[in-house]
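Dear colleague,

Please read them with the model open beside you.

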Amino acid sequence: MDTQMLFYLWAVLALGLLAHHTHRRKALEREAGVELPFSGGYLVRKRGIPVRAGRSDGFSPLYGTVFLRRGVMEGRAVRDVALAAHEAAHALRLARGERTAWLASRVMVVRWMLFGSGLTLAFLLNPAAIGVLALAYGAGLLVIPEEREASREALLILREEGVGEAEIDVARRMLEGYGDSYWLVPIVALALLGWQAVAA
């Protein structure tokens with residue numbers, strides 16, 4: 001079996017895993033639709049963390065701000081509050097100087113620089129774009145320990161707010177489902193980039 005066929009099979013398998021993951025995540029999100037007495041935005045603000053509406057959910061170390069989609073900020077469903085708690089946990093962990101939080105914040109900056117360079121090179125049809133983008137996706141694997149720790153702390157935050165164990169269990173499974181994307185998406189991307197590299 002030649003290298004190109006091997007990368008092709010790897011890419012197909014990786015895409016199949018990603019499709020399964022997406023289907024499972026949507027099922028978990030439906031299960032996490034139970035309403036809580038407070039919103040995601042309230043939970044973040046209560047801890048003194050600046051929060052603003054954004055196009056996606058995330059914590060920006062550069063601005064020291066949690067960005068949440070409007071639905072997550074105002075939503076009271078377990079899925080919304082758990083996502084907000086996860087991002088709040090990133091902010092709290094970085095403020096405490098946790099090592100994995102510090103590393104993840106630096107990795108994300110480098111990652112976006114690589115993405116910017118890689119996409120620019122791709123626009124110019126430069127073959128080096130494949131290598132730069134591969135580095136960007138590979139760097140994403142370094143944030144996995146911090147994502148796991150932030151999810152654990154998010155569950156502690158929910159307990160502090162008096163959320164019941166049944167809802168916390170749903171939140172835990174949902175956050176684990178989201179966490180899987182931090183290793184699955186880079187693997188799929190690396191498989192596709194590898195296939196493209198040997199096919200070129």
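**Salt bridges, core and sheet**

Arg-172 is partly exposed, at a relative accessible area of 30%, where buried means under 20%, exposed over 50% and partly exposed in between (1.4 Å probe, protein chains only). Please bear in mind that this is a predicted model, in which local features need pLDDT of at least 70 and side-chain atom pairs count only at pLDDT 80 or more, while totals for chains, interfaces and linings use all residues. Residues are numbered from 1 along each chain as its sequence is written, and side-chain values use heavy atoms, with hydrogens and water left out.

The side chain of Arg-172 meets that of Glu-176 in a salt bridge (3.1 Å, N to O), a term that stands for a side-chain nitrogen of Lys or Arg within 4 Å of a carboxyl oxygen of Asp or Glu. Both residues lie in helix 8, 4 residues apart, about one turn of the helix, and Glu-176 counts as partly exposed at 40% relative accessibility. Helices (H or I, at least four residues) and strands (E, at least two) are DSSP runs, numbered from the N terminus.

The structure holds 14 salt bridges. Arg-47 and Glu-160 form one of them (3.1 Å, N to O), and this pair links distant parts of the chain, with Arg-47 in the loop between helix 2 and strand 1 and Glu-160 in helix 7, 113 residues apart. Arg-93 and Glu-146 form another, with their closest N and O atoms 3.0 Å apart; Arg-93 lies in helix 4 and Glu-146 in helix 7, so the pair ties together parts that are 53 residues apart in sequence. Arg-93 and Glu-146 are both buried, whereas Glu-160 is exposed, at 59%.

The largest nonpolar core has 32 residues, and Leu-43, Val-44, Val-66, Leu-68 and Leu-158 have the most contacts inside it; such a core is a set of buried Ala, Val, Leu, Ile, Met, Phe, Trp, Tyr and Cys residues joined through side-chain atoms within 4.5 Å. Helix 4 provides the largest share of this core, 9 residues.

As for the sheet, 3 strands form an open one in the order 1-3-2, with mixed pairing, where two strands pair if DSSP finds at least two bridges between them. Its edge strands are strand 1 (51–53) and strand 2 (58–60), each of which pairs on one side only. Strand 2 and strand 3 run antiparallel over 3 bridges, and the bridge partner of Phe-59 in strand 3 is Val-66.

With best wishes
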